[in-house]
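Here are a few exercises to work through with the model open beside you. Try each task before reading its solution.

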Amino acid sequence: MGDWLPPREPDEPQWAARGTAMLDTSLRWLVFSTVLGVLVAAVLLFSGLVLPMIAVLTVTGVPGYWTFARARQADAARRTGWRTATVTITTTSRTRLPRSVAVRFADGSRIDLRPWEAGSAVRALGELPGLPALVAGSGPAMTVLIPPKPPLREKPVVFGVRAETYRWLPKP
C-alpha cells in the first residue's frame, strides 16, 4: 500500500489546530441541520403533510451526506496530522470549477487530488501556482487548508479532496 502523506513534521504547522477546529465546527453545523431537517419531517408526517415531508427529507439528504463526509475528514485529519505543502488548483476554463489540485510537499514528493466541494473561495484560488497550504487525511478523506494572506484573503480556506494518486517522487 502506498503513502498518502510524508512523515510527520517535528513541529506542528502553524494553522494545524485551526484547521482541525474548522472541520469540527462545520461538522457540528451539518449535524445540527440534518437533525433539524429530520425533526421537521417527522412533524410534517404526523401532521399528515406527506409531500412537504418528502421535500424536507430530500433537502436534508444533502447536509446528511456532507455530515458523514466531513466526519471522515475530521477523523482522518486528527489521525494523520497536517503537513506543509504548496498547492496549485487547476480549474475548467468555462465554469471555473476546480478540476484537480497538484500538491508538492516539503520533501519534494507530490500527490494529485480531486476536490469534491467547490466553494467560491476555492474557485477564486484557481490557477494561482504554489499556494502555501496544509494537507491532512488519507485516500478519499483528505483536506486542504490554505491559510489567510491579507489583504487578498482574510480567512483561511478549507476544502475536501480525494486522492487521485499515491504520493510520488518526480524523476530527476
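**Exercise 1. Work out whether Leu36 is buried, partly exposed or exposed, and which surface patch it belongs to.**

Start with the cut-offs: buried means under 20% relative accessible area, exposed means over 50%, and partly exposed is in between (1.4 Å probe, protein chains only). Leu36 comes out at 43% relative accessibility, so it counts as partly exposed. This is a predicted model, where local features need pLDDT of at least 70, side-chain atom pairs count only at pLDDT 80 or more, and totals for chains, interfaces and linings use all residues. Residues are numbered from 1 along each chain as its sequence is written, and side-chain values use heavy atoms, leaving out hydrogens and water.

Next, find Leu36 in the fold: it sits in helix α1, residues 16-46. (Helices are DSSP runs of H or I with at least four residues, strands are runs of E with at least two, and both are numbered from the N terminus.)

**Exercise 2. Trace the neighbours of strand β5 and decide how covered its faces are.**

Second, go to the pairing, which requires at least two DSSP bridges between two strands. β4 (residues 131-138) pairs with β5 in the antiparallel sense over 5 bridges, with Ser138 bridging to Ala141. The hairpin of β4 and β5 has 2 residues between the strands, and Gly139 there takes a positive phi near 55°.

Third, check β6 (residues 157-163): this strand is antiparallel to β5, again over 5 bridges. Here Thr143 stands opposite Gly160.

**Exercise 3. Find which residues touch the most other members of the largest nonpolar core.**

A nonpolar core is a set of buried Ala, Val, Leu, Ile, Met, Phe, Trp, Tyr and Cys residues joined through side-chain atoms within 4.5 Å. The largest one has 21 residues, and Val103, Leu113, Val144, Ile146 and Phe159 touch the most other members. β1 (82-91), β2, β3, β4, β5 and β6 each give two or more residues to this core. The most come from β6, with 4 residues. Apart from it lies another core of 10 residues, including Trp15 and Leu134.

**Exercise 4. Locate the salt bridges and say what they tie together.**

The cut-off is a side-chain nitrogen of Lys or Arg within 4 Å of a carboxyl oxygen of Asp or Glu. The structure holds 2 of these.

Take Arg167 and Asp107, at 3.2 Å from N to O. Arg167 lies after β6 and Asp107 in the loop between β2 (98-105) and β3 (110-115), so this pair ties together parts 60 residues apart in sequence.

Then take Arg114 and Glu164, whose closest N and O atoms are 3.3 Å apart. Arg114 is in β3 and Glu164 in the segment after β6, so the parts tied together are 50 residues apart in sequence. Arg114 is partly exposed at 36%, and Glu164 counts as partly exposed at 42%.
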